Each structure stands twice: as structure tokens, then as C-alpha cells.
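This briefing covers an annotated position and its surroundings, then the strands beside it, then the overall fold.

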Amino acid sequence: MAPILQRHDMAMSAIAAYDGGMRDIETILVLTGAGISAESGLATFRGPDGLWEGHRVEEICTPQALARNPALVQNFYDMRRAALARVVPNAAHHALARLDAEWPGELLIVTQNVDDLHERAGARRMLHMHGELKSALCRECGGRVRWEGTLADGPACPLCGGKGGLRPDIVFFGEMPYQMERIEEALAGADLFVSIGTSGAVYPAAGFVQTARYHGAQTLELNLDPSAGSHFFHESRVGPAGLLVPEWVGDMLGDRVTDAG
């Protein structure tokens with residue numbers, strides 16, 4: 001079944017910009033969410049009832065939860081970290097890595113995901129706004145270290161030696177996402193903003209499309225289902241990321257022109 005295309009009449013269609021004005025798009029900002037990793041088999045954790053693996057957000061994803069029940073929080077993220085070994089990047093991750101390698105202009109991939117699938121696919125021009133499972137943050141010295149194993153047994157910080165101060169390097173609810181200044185600068189300078197696999201319901205990321213449009217960017221959404229913010233985009237394409245993203249990347253890199261020639 002072909003992907004469903006939903007076009008909005010708020011401004012010129014983004015696809016028209018691709019087909020008729022490729023030279024006008026030099027700077028791209030891509031936002032990815034849980035939907036892109038779900039196709040690799042990673043659970044999105046937040047179910048339709050609002051629970052994360054049977055837990056309320058307040059129980060496992062706030063600073064207060066970590067202080068109240070550190071074993072529960074550490075075990076929750078230990079399980080998520082271990083799950084990464086059982087999944088691999090999918091076609092959408094590989095397509096964005098290809099865009100990263102071949103796009104001659106400016107590119108920034110901002111992911112809300114805490115997995116490492118973008119990096120394992122080969123993406124380099126990117127950042128994790130909500131942190132990373134394979135990173136630990138020391139509450140004693142503020143340092144960050146790469147981390148593969150468990151944090152539940154309270155290991156010492158390799159940087160300062162502090163015992164029991166390491167926590168998942170994850171942005172909990174109520175904390176500020178990472179590198180927001182860099183993201184805001186990228187939104188202000190983007191010619192094209194693309195959102196992939198996001199719910200459009202979690203701020204501040206849900207507001208990125210409006211910021212990008214305010215600064216004059218074309219906007220495109222690629223999602224399995226219409227999101228809460230679909231109406232803000234110039235165009236919304238509905239379908240699996242593993243199909244939509246490689247097709248879009250191919251368009252941006254001129255595959256169709258090359259094939260036709």
C-alpha cells in the first residue's frame with residue numbers, strides 16, 4: 001500500500017520545494033522520535049494508558065523518583081540499556097546516515113531517542129536532546145562517562161571516584177533538554193525542518209515545527225500516523241519510517257534525477 005500523503009494549504013508544499021527548488025535548500029534540521037526506533041523492535045515504553053512499562057512517569061522518570069526509589073529507577077534504565085544489544089538500526093536510520101555522509105550543506109539530526117541506533121548506522125552530525133542510555137552522569141562532579149553495564153549496584157564514578165553518584169544520563173521530566181541553544185540556532189537557520197516518528201505532544205520538541213516555520217523554513221512530517229502537530233506542517237506523509245525516510249533521502253540526494261538520466 002502506498003504511503004498516504006496529507007497536504008496542508010497553509011503555505012507552499014514542501015515537496016514542491018524539493019522538486020522545483022533543490023538549490024534553495026542548503027540547511028536541513030531533522031528531528032527524530034520513538035517511532036523511528038520502534039521499527040527496530042525497541043519498545044516506545046509509554047503506552048496508550050500513559051504508563052511506562054507499567055509504571056507511572058512519576059515513578060521512574062523524575063529526579064524525585066530517583067531520590068525516592070533509586071533501585072527501581074536504575075533497574076528500569078539498566079533494562080533499557082541491555083535491550084540495545086538485541087536490536088539493530090533499520091532502513092530509516094541507515095538512510096539518515098547516508099544523508100549525513102552525502103549532503104553537501106549544513107545538517108543536524110536532533111533525536112529525542114536515548115538509544116544509539118543513529119550512531120550505529122553511521123550518523124555523525126547529530127545530538128541527543130534527551131540524553132543517552134550508554135552514558136552515565138555523576139551527581140557528585142557533573143561529569144559524563146560512556147557506560148555499558150549496570151548502574152543498579154552503585155558503581156564509583158571513574159572521573160571523581162565518588163561512590164553511588166552515577167545516574168542514567170537521561171533528561172528526566174522537569175529537567176531541561178540538552179543543547180537547547182544549539183537546537184534553537186539550527187531551527188532559526190534551517191531551510192527545511194523534517195520531523196520523523198514523533199508524537200508531536202512532548203514539549204519543547206513539539207514546538208520546533210512552529211519555530212522553524214516562523215523563521216521561514218519549509219516543514220515536512222514523516223510519521224506512521226498523524227501526530228498531534230501534523231496540522232502545523234506544510235506536508236505530512238503517513239507510513240512506516242523504513243519506507244518514507246529512504247524515499248525522502250533519495251529525493252534530497254537526487255536519486256530520481258540520476259535514475260532518469
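UniProt, in an unreviewed entry, lists H130 under "active site". The model discussed here is predicted. In it, H130 sits in the loop that links strand 4 (126-128) to strand 5 (131-138).

**Surroundings of H130**

- The relative accessible area of H130 is 16%, and H130 therefore counts as buried, the cut-off being under 20%.
- Apart from neighbours within four places in sequence, H130 makes contact with T111, Q112, V114, D169, I170, V171 and P177.
- Q112 also takes part in a polar contact: its backbone oxygen is 3.2 Å from a polar atom of the H130 side chain.

- Strand 3 covers residues 106-111. Five of its six residues are buried, so this strand is largely enclosed by the rest of the structure.
- T111, one of the residues in contact with H130, falls within the range of strand 3.
- Strand 2 (residues 27-32) runs parallel to strand 3, and six bridges join the two. Within this pairing, I28 stands opposite L107 of strand 3.
- Strand 4 is also parallel to strand 3, with three bridges between them. Here I109 stands opposite M126 of strand 4.

**Overall fold**

- The protein has eleven helices and ten strands.
- Of its 261 residues, 52% count as buried.
- Of the contacts between residues at least 6 apart in sequence, 66% join residues at least 24 apart.
- The accessible surface of the protein is about 12,100 Å², and carbon and sulfur atoms account for 54% of that surface.

Definitions and conventions: Residues numbered from 1 in each chain as written. Predicted model: local features only at pLDDT ≥ 70, side-chain atom pairs only at ≥ 80, totals over all residues. Heavy atoms only, no water. Helix = DSSP H or I, 4+ residues; strand = E, 2+ residues; numbered from the N terminus. Buried < 20%, exposed > 50% of the residue type's maximum accessible area, 1.4 Å probe, protein only. Contact = heavy atoms within 4.5 Å. Areas by Shrake-Rupley, 256 points an atom, 1.4 Å probe, with all protein chains shown as cover. UniProt positions renumbered as here; feature names shortened; annotations may be inferred. Polar contact = N/O pair within 3.5 Å; in protein donor to acceptor, adjacent residues only side chain to side chain. Pairing = 2+ DSSP bridges.
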